[in-house]
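Please read it with the sequence and the coordinates at hand.

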Amino acid sequence: MALLEAEDVVKHFAVERNLFGRPTAFVKAVDGVSFHVEAGETLALVGESGCGKSTLSRLVLRLIEPDAGRLRFEGRDLLALDAHGLRAFRRQAQIIFQDPYASLNPRMTVGQILGEPLRLHDLVPPDRRRARIEELLRLVGLEPRFARRYPHEFSGGQRQRIAIARALAVEPKLIICDEPVSALDVSIRSQILNLLRDLQARLGLAYVFVSHDLAVVKHIADRVAVMNLGRIVETAETEALFAAPRHPYSRALLSAIPVPKPQAGRSRMLLQDELPSALHPPSGCRFHTRCPFAIDDCRIVAPQLLADASGHATACHRVAELPPAETIVPSDGALSPALERLVAAFGRRKEGPVPSGVGTIGTTPTAV
Ligand SMILES: Nc1ncnc2c1ncn2[C@@H]1O[C@H](COP(=O)(O)OP(=O)(O)OP(=O)(O)O)[C@@H](O)[C@H]1O
Ligand code: SF4
Ligand SMILES: [Mg+2]
């Protein structure tokens, strides 16, 4: 039985309303997503900004409610939980965010921050709390005496360690990590990633790991799910996905191997396209306006995410006909302008072009 299972989960946000308050426009942030996470494993969610990664993360913790779909944790229906059940679930599943400073109360000492979940969930008797707080600090590589200090007295990496300690206080089985190292200096990133891996090995934690950084994903994930405009387009074991991405979107994102230049006519069509958004997603396959392999069917019929015997799943009508990634070499060595834009969009990070701190992997996409 999987630890976490999501089935056809949907979340549309109303972004415009008429005079009567009726919604007239929706952002289809998550639009029919299914995945599972096994105990003790790391599933990475990757995709361009706005594809729905954070929304999906909040949905599976029931921090926001889905419009449709099913969520199960250890086989239990998460959407049927009452207040008591939800409270118990919150002990099992935690989240850490990109900006630890924003998620730590500046008026509380680290000891109070870590003591709060212990008290709320009545995990440790009051006379044992101090010892447990010190134990948690040691677990994340901080000195016990730091319990008396305030968040502003720490560096970004130390604050993320405090956020991790707070998540660990309730002894969860799953931690959602939403861009946990993106805001950190390169030199600190690998320390936090190594801490997360170490904690996983020691405590048997499962992670859903949201990241823009493919080098980080390759370093930390067991499996990867690639998202585009509210849907998963490909999911596979990390090694298999990086070695041979199948979906044209994943190929552009995960591989340095260029995909072929589309025919001249299609190239012009792609050039005219604006980047599609979750507010007005393209019909059929949501990637069709940017895909060099699109055929008429792609504009009409949404492809299903179908798995082969190994569990490698792809949502593309033409996946069986596409040339193997490694044989795709354009005659003039150039990416189409549309794909250049796509690769550039993925490489763009909110905090600027910071290289990864976990070593090069040779597959970070570069526009040529
Ligand atoms: N509360 C909300 N109300 C309206 N629209 C929202 C809301 N939350 C998210 N969205 C929209 O839903 C889409 C998905 O957003 P989400 O934050 O999940 O993307 P993301 O993949 O996490 O992006 P990023 O990589 O930038 O963090 C975006 O178009 C976003 O603008
Ligand atoms: S379904 Fe069509 S448009 Fe979508 S990725 Fe496959 S070939 Fe491209
Ligand atoms: Mg996000």
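Predicted model: local features only at pLDDT ≥ 70, side-chain atom pairs only at ≥ 80, totals over all residues.

1. The pairing of strand 7 may be considered next. Strand 6, residues 93-96, pairs with strand 7 in the parallel sense through 4 bridges, and I95 stands opposite I176. Strand 8, residues 206-210, also runs parallel to strand 7, to which it is joined by 5 bridges. Here D178 has V210 as its bridge partner.

2. The largest nonpolar core comprises 88 residues. The members that touch the most others are A165, I175, F209, V224 and V226. At least three residues of this core come from domain 1 (4-226), and at least three from domain 2 (245-347).

3. When neighbours within four places in sequence are left aside, the contacts of V224 are A44, V46, V217, T235, A236, T238 and L241.

4. Helix 4 spans residues 110-120, and its buried residues are V110, I113, L114, G115 and L118. Against which elements do the buried residues of helix 4 pack? They pack against helix 5 (126-139) and helix 6 (156-168). After helix 4 comes D122, which has a positive phi near 50°.

5. Ligand 1 is surrounded by 13 residues, of which F13, A29, S49, S54 and T55 are the closest. Strand 1 (4-17), strand 2 (23-37) and helix 1 (53-60) each give two or more residues to this shell. Helix 1 contributes the most, with 3 residues. By class, the shell around ligand 1 consists of 6 nonpolar, 6 polar and 1 charged residues.

6. Ligand 2 likewise has 13 residues around it, and those that come nearest are C285, H288, C291, C298 and C316. What is the make-up of the shell around ligand 2 by class? The shell holds 9 nonpolar, 3 polar and 1 charged residues.

How values were computed
Residues numbered from 1 in each chain as written. Chains lettered and ligands numbered in written order. Near = placed C-beta within 6 Å. Nonpolar A, V, L, I, M, F, W, Y, C, P; charged D, E, K, R; others polar. Buried ≥ 20, exposed ≤ 12 C-beta atoms within 10 Å, placed from the backbone. Contact = placed C-beta atoms within 7 Å. Core = buried A, V, L, I, M, F, W, Y, C linked by C-beta atoms within 7 Å. Domains from an automatic or database assignment. Pairing = 2+ DSSP bridges.
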